Amino acid sequence: MNIKGTPYRSIWVPEESSNTHANPPASVRIIDQRQLPHRFVVEDLQTKEDVFRAIRDMHLRGAPLIGAAAAYGMWLAALQQARDGGRPSAEGLLRDADDLAEARPTAVNLAWALERQKAVLREAEASGADPSVLPERLLAEAIAIADEDVAMNHAIGQQGLGLIKAMHTLNPERPVQILTHCNAGWLATVDWGTATSPMYQAHDAGIPVHVWVDETRPRNQGAQLTAWELGQHGVPHTLIVDNAGGHLMQHGQVDMVITGTDRTTRTGDVCNKIGTYLKALAAKDNGVPFYVALPSPTIDWEVRDGLTEIPIEERGEAEVRVVPGWKDDADAAAEVRICPPETRAANPAFDVTPSRLVTGLITERGVCDPSEAGLVGLFPEHDAATV
Ligand code: MRU
């Protein structure tokens, strides 16, 4: 991602951070997404508790980035153990991984990344490696997870670019009109984004695109993050309220929808930010193709029925009752309550779009039907018959 012309990832290890417990203490750096688009604040996470809080309280968010952050959190946990007790222990670190897994429930990338780190710990134990090697091995795995995320998202962009090109050929007179929900962009991943990667790559390839950005109540990831990112990259876009998508589709103003996902079942059901399902219903009713972009770690191969088996995060009432923003005249952050003081609110953060409403899944290996046959066709290593 390019921010004011400077290339960034959404998570990185600062150069001065050493892989020891010497000074300055090692840290992982993130962009504090709660402050965007008003302030660009970089935050140092130094402990596994910092990482836990950053995930739970959404300093960072988005399924792939949550996974990468947890993987780095395991490195920090190993360094902490070295600081506190002399030597890291695989047993203690396996417990730390279980603690980190509790930070948020819905995105499967969190458990997936922590499983990879657990495998590193188990392998080190089984091979009788000296525990002092654990920090360096956990860091290497975290870096691999982050680098793989960047590569997968770039590949998703290439796959999605084909779809956008085809759409442009059908109607070359105007920019391809794409609607997206929430933020499945740079900031939700280590780089490129999932849903946004095809948009960036189409824009870079000279294919005119225009993006309808759902504001995405209650946390406004669309208004605060997606609009900001697209603006930084120069992609034409327009912010709309969450309820506008159906109307735009009825009037032929949306050529395709592309969203991200926090967990996709092996049968192709898609769990994503609350409101995605309603967009998919409207798209179906209006014959608008509805695509979901995902790197393969977002597939939960163990789950078949998204509606009954995916845990949906319930977040606090305050996110619904109080709207944060920026007061331009005071040049300061501000919050306002938008309901009577006594009104209670419910805040389910995700919903499930059944596979029947999805046109195709855009993965790093290709675009497939939202079905077990489609997914296993691209990822035969997950064919139940062979596992
Ligand atoms: O609650 P959030 O902001 O973490 O939700 C994020 C989303 O729903 C994204 O669409 C999803 O994680 C895909 S990100 C590539």
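A: Domain 1 (2-148) and domain 2 (156-382) each give at least three residues to the lining of the largest pocket; these bounds come from an automatic or database domain assignment. The model is a predicted one, where local features need pLDDT of at least 70 and side-chain atom pairs count only at pLDDT 80 or more, while totals for chains, interfaces and linings use all residues. Residues are numbered from 1 along each chain as its sequence is written, and side-chain values use heavy atoms, with hydrogens and water left out.

Let's start with what is meant by a pocket. The search runs on a 1 Å grid over the protein atoms alone: a pocket is an open set of points with protein on both sides within 12 Å along at least five of seven lines, a cavity is a set where a 1.4 Å probe fits but cannot get out, and a lining residue has an atom within 4 Å of a point. Points are joined across faces, edges and corners, and a volume is the space filled by probe spheres set on them.

By that rule, the volume of the largest pocket is about 530 Å³. Its lining is made up of 23 residues, and R34, R219, Q224, P324 and E335 are the ones nearest its centre. Two or more lining residues come from each of α7 (221-233), α11 (318-321), β14 (322-327) and β15 (332-337). Here helices (H or I, at least four residues) and strands (E, at least two) are DSSP runs, numbered from the N terminus. β14 has the largest share, with four residues.

β14 and β15 pair in the antiparallel sense, over six bridges; for two strands to pair, DSSP must find at least two bridges between them. Within this pair, G325 stands opposite A334 of β15. Four residues separate the strands of this hairpin, where D331 takes a positive phi near 50°.

A cis peptide bond, with omega about 5°, links R217 to P218, and P218 sits in the loop between β7 (209-214) and α7. Another cis bond runs from L36 to P37, with omega near 0°; P37 is in the loop between β4 and β5. Those two strands are part of a three-stranded open sheet with the order β3-β4-β5 and antiparallel pairing. β3 (11-12) and β5 (42-45) are its edges, and each has a single partner strand, so one side of each is left without a neighbour in the sheet. β3 is joined to β4 (residues 28-31) by two bridges, and W12 is set opposite R29.

The largest cavity has a volume of about 180 Å³ and is lined by 23 residues, with G62, A63, N183, D262 and N272 nearest its centre. α2 (63-85) and β11 (270-273) are the elements that give two or more residues to this lining. Domain 1 (2-148) and domain 2 (156-382) each contribute at least three residues to the largest cavity as well. By class, nine of its lining residues are nonpolar, ten polar and four charged.

A backbone N or O atom of G62 is 3.0 Å from a ligand oxygen, a polar side-chain atom of D262 is 2.8 Å from a ligand oxygen, and an N or O atom in the side chain of K273 is 2.7 Å from a ligand oxygen.

Finally, the second largest cavity holds about 70 Å³ of space. Its lining includes P64, W112, D149 and P297, and eight nonpolar, two polar and one charged residues make up its classes. At least two of the lining residues come from each of α2, α4 (108-126) and α5 (134-170).

Conventions:
Ala, Val, Leu, Ile, Met, Phe, Trp, Tyr, Cys and Pro count as nonpolar, Asp, Glu, Lys and Arg as charged, and the others, Gly among them, as polar. A polar contact is a pair of N or O atoms within 3.5 Å; within protein, one must be able to donate a hydrogen and the other to accept it, and residues adjacent in sequence count only if both atoms are side-chain atoms.
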